[in-house]
Amino acid sequence: MYALNLRKLALVVAAGGALVGLALFPAVPAQAAASSASATAGVSASVAKAHWQAAIAQVPERGAGCYQASYPSLSWHAVACVAAPKIRLQPALAGKSAGHAGPATVGDGTDYSAVVSGLISKATGTFTDVSSGISEKGAVDGEGSKVSNSFSLQLNSQFFSGSPACDDSSDPSDCQAWQQFVYTYDGDDTGDLFMQYWLINYGDSCPSGWYSYSPDCYTNSNTTEVDGITAAELATVSLSASAVSGGNDAVSLSVGSGSASIVTGKDSVVDLAANWNTTEWGVYGDGGGSAADFGSDNTLEPVTALTSTSSGAPSCVEEGFTGETNNLKLAATAALGTESSPTMASKQTDGTTGTASCATAAG
């Protein structure tokens with residue numbers, strides 16, 4: 001049914017575009033007509049792929065593991081999972097989130113996050129108002145030069161207390177859990193999609209299978225390798241996170257070029273589903289507290305859409321959780337229109353910021 005509807009949509013759009021061209025330009029020369037047809041086909045393809053992105057996001061994966069899909073197919077196929085890179089997407093300020101006053105460089109505790117009154121079961125991050133010609137350079141290569149398109153995309157939960165994973169910590173009352181849903185650049189035009197889990201202030205001895213970043217501990221889900229994302233593709237990226245109590249959490253990534261991937265893992269690692277009420281979303285440095293450096297005159301607006309037990313507009317709070325940053329600043333954000341789910345937006349720019357603000361809307 002999904003595939004049939006998508007094919008119908010693509011045919012309708014293509015046919016509509018062709019008819020409009022004929023009506024407006026009945027005597028167009030052959031060369032100009034061919035150029036117009038090519039442009040119409042390009043627009044139609046991008047519209048169809050955008051609808052495919054929305055549709056594949058609603059198709060459930062077939063259980064624990066790693067899966068991928070390619071346009072126009074609306075089914076996931078299993079792929080081999082691989083070990084996630086041993087990279088820290090570390091907490092802000094060693095586990096202490098921070099507010100901000102006025103425009104400030106995004107990250108390391110300075111950000112806007114969306115908070116609901118109930119619990120979040122799914123969050124989807126996208127970008128709007130992405131500057132044409134946007135560029136970014138992040139990690140430094142072996143020759144000391146910055147690498148293009150070296151950044152991470154992160155959907156982060158809040159730090160939360162009461163996770164059973166903290167029971168054996170040095171002081172369970174001081175231990176907090178944290179879960180991240182991330183894409184990171186892996187070099188050679190590839191990236192990794194996975195979940196990273198943290199136990200903040202756990203103590204000197206981490207649980208088996210966890211890495212120590214004293215006094216914190218972190219570990220990863222499996223990962224699937226994906227094509228590297230360019231800064232220009234941020235306008236078509238969709239990163240989703242979901243949590244199911246007693247089931248699987250998942251991180252999925254789709255790109256407007258027509259590719260999608262998903263990785264799942266047990267919710268019981270830190271029991272996110274029973275605690276998740278806040279989400280931070282954005283583009284940041286590629287791990288280890290690094291920065292994503294965008295070129296001049298660059299602007300983008302992260303948008304977070306939520307599925308939660310409350311349908312009202314989320315609260316917009318001045319706090320962030322990741323230790324990575326970018327070189328943009330929080331800016332004045334225009335009001336949102338009608339949204340299909342609780343949504344928050346926050347403009348970021350290296351240009352004129354105005355008074356930093358965010359915008360929210362009910363579902």
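Predicted model: local features only at pLDDT ≥ 70, side-chain atom pairs only at ≥ 80, totals over all residues.
**Close-up 1. Cys66 and Cys81 are joined by a disulfide.** Their sulfurs sit 2.0 Å apart. The torsion about this S-S bond comes out at about 120 degrees, so the disulfide is right-handed. Cys66 belongs to strand E1 (residues 66–70), while Cys81 is found in the loop between strand E2 (77–79) and strand E3 (82–83). The pair therefore ties together parts that are 15 residues apart in sequence.

**Close-up 2. Another disulfide connects Cys206 and Cys217.** Their sulfur atoms are 2.1 Å apart, and the torsion about the bond is -90 degrees, which makes the link left-handed. Where do the two cysteines sit in the chain? Cys206 is in the loop between strand E11 (190–200) and strand E12 (211–213), and Cys217 is in strand E13 (residues 216–220). That puts the partners 11 residues apart. Both Cys206 and Cys217 are buried.

**Close-up 3. Zoom out to see how the cysteines pair overall.** How many disulfides does the structure hold? There are four. Number the bonded cysteines in sequence order and you get the pairing 1-2, 3-4, 5-6, 7-8. As a reminder, a disulfide is a covalent bond between the sulfur atoms of two cysteines.

**Close-up 4. This view looks into the largest pocket, with a volume of about 560 Å³.** It has 25 lining residues, and the closest to its centre are Thr124, Thr126, Ser238, Ser240 and Ala305. Which elements give two or more residues to the lining of the largest pocket? They are helix H2 (30–56), strand E6 (120–128), strand E15 (238–242) and strand E20 (299–308). E6 gives the most, with six residues. By residue type, the lining of the largest pocket splits into 13 polar, 10 nonpolar and two charged.

**Close-up 5. The second largest pocket holds about 340 Å³ of space.** Of its 23 lining residues, Ala57, Glu61, Lys122, Ser242 and Ile262 are the closest to the centre. H2 and E15 each supply at least two residues of the lining, and so do strand E16 (248–255) and strand E17 (259–266). Which element has the largest share of this lining? E16 does, with six residues. The lining of the second largest pocket is made up of 12 nonpolar, nine polar and two charged residues.

Methods: Residues numbered from 1 in each chain as written. Heavy atoms only, no water. Disulfide = S-S within 2.5 Å. Helix = DSSP H or I, 4+ residues; strand = E, 2+ residues; numbered from the N terminus. Buried < 20%, exposed > 50% of the residue type's maximum accessible area, 1.4 Å probe, protein only. 1 Å grid on protein atoms, 1.4 Å probe; cavity = no way out; pocket = protein on both sides within 12 Å on 5 of 7 lines; lining within 4 Å. Points joined across faces, edges and corners; volume = space filled by probe spheres on them. Nonpolar A, V, L, I, M, F, W, Y, C, P; charged D, E, K, R; others polar.
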